[in-house]
Amino acid sequence: MECRVTAVLVAAGSSTRMGFDKLSFDLGGETVLERSVRAFDECPEVDELVIVTGASGENAQRAAARCKKPVRLVKGGSTRAESARSGVAAAHGRLVAVHDAARPFVSQSVIADTIAAAARCSAAAPAVPVKDTIKQAKGGDGKTVPEGCMVENTPDRSTLYAVQTPQCFDRAAYLAALDELDEASARLVTDDCSLFELTGRPVELVRGDYANIKITTREDLPRAGNGGKKMRIGHGYDVHRLVEGRKLILGGVEVPYEKGLLGHSDADVLAHAVMDAVLGAAALGDIGQHFPDTAEEYAGADSLMLARRVAEIVTRHGWRIENIDATILCQRPKLAPHIPAMRAKLAEAFGMPVDAVSVKATTEEHLGFTGEGLGIAAHAVALIEAV
């Protein structure tokens, strides 16, 4: 069945430089692979996913089970190029977005912009300007700096870009380029874009994101004290009872309903869970400590105003909020039409781009107090990074 865009996630590597399966590394409730898969599952431009697996497919099966969109699992080859080829061959999309599964922090805007560019010119990739001066040297192997490694020249840095993924292509053109390559040229393919370059096809670069890192060695792992980025993850949970005579406020959005949430402030259970996640990540207590319900000044308070205060607190302590993921547990009313506005308001309150804020809603199949319509609960996870 033909569709418009297939995301091909290459997850067949052996992680030899890491020493363990990096795609199974826990990023706080989800693995590296699960987070990469989720980015494309949540992207409106993507219609289906193909996950290219290695020797063990258990991690890929778990990631696939979480997807709302159609997913296929295919076996990879002995090289990355062979694995990408297997994924593209299994795709149904007119366009394919080939992504290194070891890049879990890819943003929605990078995915969407690259797909849009590929739709115009058949091949596109995200890229960022190279920050460091680059030296071309004789005697090096690209893995270490051996003795006697001598500088030959210094390329003009203004023309150099570090290319990322997803790299997006017209699928028919990709397969045609594969057929045109002879064996000698095939050995020169270092990424999917070079397949197009070697066969004389143009490739457009679009704006990438420095946060879209590829996890290759232990230094790339988001863990404090490992020589890499200092990052922390926090979890928040809140629940309020539904009562008559109150407005229902969720994520700063007034949702039309016959009941509202009971609480000292506006009882915005979503904003409260997110605030606790952010404060928890920074080990700065919870909203009960900062805005106690015994204080009259917080009676009926706008929770988004409190969220701005929380953002100021964590900023003052040297942290930047990288992303937020929240889930609302609610039987009624239907929340899907209001989620885009919730994301926008939370993003504004915390000073973040909208594509770094995820809000989901689910029922509990009429089970428990939320399922019986007695209240609404919310869970949230926040990732913060030291400035």
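Me: What should I know about the model before I start?

Reply: It is a predicted model, where local features need pLDDT of at least 70 and side-chain atom pairs count only at pLDDT 80 or more, while totals for chains, interfaces and linings use all residues. Residues are numbered from 1 along each chain as its sequence is written, and side-chain values use heavy atoms, with hydrogens and water left out.

Me: How many salt bridges are there by this rule?

Reply: Side chains of opposite charge can pair when their charged atoms come close. A salt bridge here is a side-chain nitrogen of Lys or Arg within 4 Å of a carboxyl oxygen of Asp or Glu. The count comes to 15 salt bridges.

Me: Which side chain meets Asp-192 in a salt bridge?

Reply: That of Arg-80, at 2.8 Å from N to O. Asp-192 lies in helix α7 and Arg-80 in helix α3, so the pair ties together parts 112 residues apart in sequence. Helices (H or I, at least four residues) and strands (E, at least two) are DSSP runs, numbered from the N terminus.

Me: Is Asp-192 buried or exposed?

Reply: Buried means under 20% relative accessible area, exposed over 50%, and partly exposed in between (1.4 Å probe, protein chains only). Asp-192 is buried at 4%, and Arg-80 is partly exposed at 28%.

Me: What about Lys-360 and Asp-325?

Reply: Their side chains form a salt bridge of 2.6 Å, N to O. Lys-360 is in strand β16 and Asp-325 in strand β15, 35 residues apart. Lys-360 is partly exposed at 24%; Asp-325 is buried at 18%.
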